[in-house]
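Trainee: Please pick one part of this structure and take me through it closely. Then tell me how it sits in the whole.

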Amino acid sequence: MRPNSRSWASFSKAPAGPAWPTLFLVVTNSMTGLLFFDTNLLIYAMDPRDPTRRAASMALIGQARTLRRLVVSPQILNECYRVLVHRLRLADAPSAARYLSAFHGACTAPLDVDTHRSAIELEARHGLSWWDSLAVASALQARCDHFVSEDLNDGQAIEALTVVNPFTWNARARLALI
């Protein structure tokens with residue numbers, strides 16, 4: 001099943017609206033921290049099998065992008081591509097590439113030798129899986145405040161990051177996306 005163009009295109013530009021919300025967003029942006037989005041959110045935004053999670057993921061991604069607070073790493077984009085195209089087959093390669101290109105501007109978290117070293121320490125210190133350790137290390141290097149994922153424990157503190165499960169009733173408020 002292929003995603004329709006609205007799925008990925010809705011993330012490629014900010015929604016139109018009156019002038020005052022734009023001014024508000026600029027002021028709010030400087031007062032709130034960066035949000036690192038885990039792979040599962042990007043996948044749910046394309047997965048028609050769970051309309052509730054899809055809608056919630058799309059809304060959170062859209063709001064974080066509009067506020068310029070969305071951060072991902074190359075690892076997240078690579079994992080998402082693999083799952084969308086090869087594992088779940090929700091998109092063909094060109095559609096997945098188009099969808100993920102909307103996140104290129106938010107791909108500001110590093111994935112380098114320092115990330116690797118940090119991930120080894122995080123894995124040992126916090127008992128995380130290797131891939132979660134790598135994503136968390138990237139988020140920390142990008143100076144994110146929150147790690148948005150349902151894969152880790154909601155509210156868990158990992159160094160300077162707080163994990164937020166995006167599907168909890170108060171996630172938007174905790175992420176300052178309301």
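Mentor: Start with one word, contact: it means heavy atoms within 4.5 Å. This is a predicted model, in which local features need pLDDT of at least 70, side-chain atom pairs count only at pLDDT 80 or more, and totals for chains, interfaces and linings use all residues. Numbering runs from 1 along each chain as its sequence is written, and side-chain values use heavy atoms, leaving out hydrogens and water.

Our part is A109. Find it in the loop between α6 (93-101) and α7 (113-126). Helices (H or I, at least four residues) and strands (E, at least two) are DSSP runs, numbered from the N terminus. A109 is buried, because its relative accessible area is 3%. The cut-offs are these: buried is under 20%, exposed is over 50%, and partly exposed is in between, with a 1.4 Å probe and protein chains only.

What does A109 touch, once residues up to four places away in sequence are set aside? Its partners are F36, V71, V72, S73, P74, S138 and A142. A109 and V136 are 27 residues apart in sequence, yet their C-alpha atoms are 9.9 Å apart in space.

Take F37 next. Leaving aside neighbours within four places in sequence, F37 is in contact with L42, L60, I61, A64, L70, V71, V72, I76 and V148.

For contrast, turn to N78. It belongs to helix α5. N78 is exposed, since its relative accessible area is 53%. T39 lies 39 residues away along the chain, but the C-alpha atoms of N78 and T39 are separated by 9.0 Å.

Step back to the whole chain. It has nine helices and five strands. From the N terminus on, the order is α-α-β-α-α-β-α-α-α-α-β-β-β-α. There are 178 residues, and 43% of them are buried. Of the contacts with a separation of 6 or more, 63% are between residues 24 or more positions apart.

E159 is not a glycine, yet its phi is positive, about 55°. It sits in the loop between β4 (157-158) and β5 (161-164). E159 counts as partly exposed because its relative accessibility is 43%. A176 also has a positive phi, near 55°, in a residue other than glycine. Look for A176 in the segment after α9 (171-174). A176 has a relative accessible area of 29%, so it is partly exposed.
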